[in-house]
Amino acid sequence: MTTHPSWFDLSIKSALTAHQSPEHEQAYFVYQLDALKAHLAKLQQQDVIKLWFAVKANPLSKIIQTLDSEGFNFDVASSGELAQVLAQGINPERILNTGPAKTKKQLSAFLQQGVRTFVVESLNQLTWLNEAVIEQKLTDDKPAVLLRVQLQWQEGEKNPLGGNSLTPFGLSVEQWQSIHVDDFPALNLCGLHIFQWGNMLSNEKMYSLWGQMVAPLTGLANVIGMDLKILDLGGGLGIDYLDQGQTLSWPQIIEDLAKIKAQAGVEELWLELGRYAVAECGYYVVPVVDRKMNYGQEQLVLSAGINHLIRPAITDQPFPVTLLRSDNNAAQGAEQLFDIHGPLCTSMDKLGRLPLPNDVEVGDELVFGYCGAYGFTESMPFFLCHELAAEYVFQDGQLTKVRAAQAAASYLA
Ligand SMILES: Cc1ncc(COP(=O)(O)O)c(C=O)c1O
């Protein structure tokens, strides 16, 4: 009997094994929308935090629509993300704008399109937003503004959000102390934002980090004359990509955040979830094009790799994998470790050293799990002029194409 990893939702398996890839489709992403909806509904069963979706994790229309249907609001970090969320019919009042590269032009354009919630990350952004509100005569409809704070920590941990290293995300308490809310009369300066750690897998660690933020943040609010109503703690809730048995307890998070909310004395506590909202619902399916033994190591070469799925190269953490075969052609024999490579001319194009049945062969398809976040749009699809991945959704037992794969001719000039 074939066994399946816990992350693989078997309701999707027969649709994937039956799927015939059309021309130009080297590999595809598929998102299980029914499972996503059920997961999001669970996250909403609480009244402690207001939930936003960090669109950067997966901006596919159907994903945004599913989050919308479960009452999530949207954090956008570029004009492209804003356009995509508005195109799904979302009211701009449910959109929040974060990001360190906001120009005055972008801030003005966001205001014009109805966005009224901003996380500002520099003194310039603050001044420009204040000016733009006055220029657009919006002082009767002031935007809510949160200042993004970057703290320094004793612990030496780093990660893509910075951890303990200096990043362009926000400003130190000392820098923000140079302002006073009365200097920005066109803005409703009512909150603080802080987010420095990604993919956290320990409730205790998260609670400890959040707890250490409260005193410096409430202290800052006092100094600058801010009535601190909103605290936004960003994202960072992790996924156990390495299957180490370290999963976060959502009820514990809610219990911990209720305490943080009380300690900070805020009316609203916000999170903008990326991977914790959508990673589990997504899979990436890709065929094996070659298998060889090299210096005693079994190697598989896939038709696509980090050109579709770059995260393993950035974080050194693979996505988990399984072999996709119909039940009447089930894998035989024991598992062994394979080095799994993509087609690019760089040794970075490696999706991991992972266990697979030892009869895996050319023409087999592999399924990678937890690919619903930081997949299609995070990757580097143009290098070596390969095809762009397709994107499908699975809903009510049906596999539906949302984005067709595209040959290189579609983007080469
Ligand atoms: C401002 C902001 N909020 C939220 C997120 C989502 O993070 P995560 O996927 O860890 O939940 C990110 C990710 O980079 C971010 O930059």
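1. β2, helix α3 (residues 61-69) and β3 form a β-α-β unit that is right-handed: with the strands pointing away from the viewer, the path from the first strand over the helix to the second runs clockwise. Helices (H or I, at least four residues) and strands (E, at least two) are DSSP runs, numbered from the N terminus.

2. This is a predicted model, in which local features need pLDDT of at least 70 and side-chain atom pairs count only at pLDDT 80 or more, while totals for chains, interfaces and linings use all residues. Residues are numbered from 1 along each chain as its sequence is written, and side-chain values use heavy atoms, with hydrogens and water left out.

3. Strand β2 has two parallel partners to look at. With strand β3 (residues 73-76), β2 pairs over three bridges in the parallel sense; two strands count as paired if DSSP finds at least two bridges between them. With strand β9 (residues 268-273), β2 pairs over five bridges, also parallel. Phe53 stands opposite Phe74 in β3, and the bridge partner of Phe53 in β9 is Leu273.

4. Is strand β2 (residues 49-54) largely enclosed or open? Five of its six residues are buried, so β2 is largely enclosed by the rest of the structure. Buried means under 20% relative accessible area, exposed over 50%, and partly exposed in between (1.4 Å probe, protein chains only).

5. The largest nonpolar core has 128 residues, and Leu366 and Phe368 have the most contacts inside it. Such a core is a set of buried Ala, Val, Leu, Ile, Met, Phe, Trp, Tyr and Cys residues joined through side-chain atoms within 4.5 Å. Helix α8 (residues 203-223) gives the largest share of this core, eight residues. At least three residues come from each of domain 1 (10-30 + 280-410) and domain 2 (91-273); the domain bounds are from an automatic or database domain assignment.

6. Leaving aside neighbours within four places in sequence, Leu366 is in contact (heavy atoms within 4.5 Å) with residues including Tyr284, Val288, Leu302, Leu323, Ile340 and Val360.

7. Cys345 is exposed, with a relative accessible area of 60%, whereas Cys385 counts as partly exposed at 40% relative accessibility.
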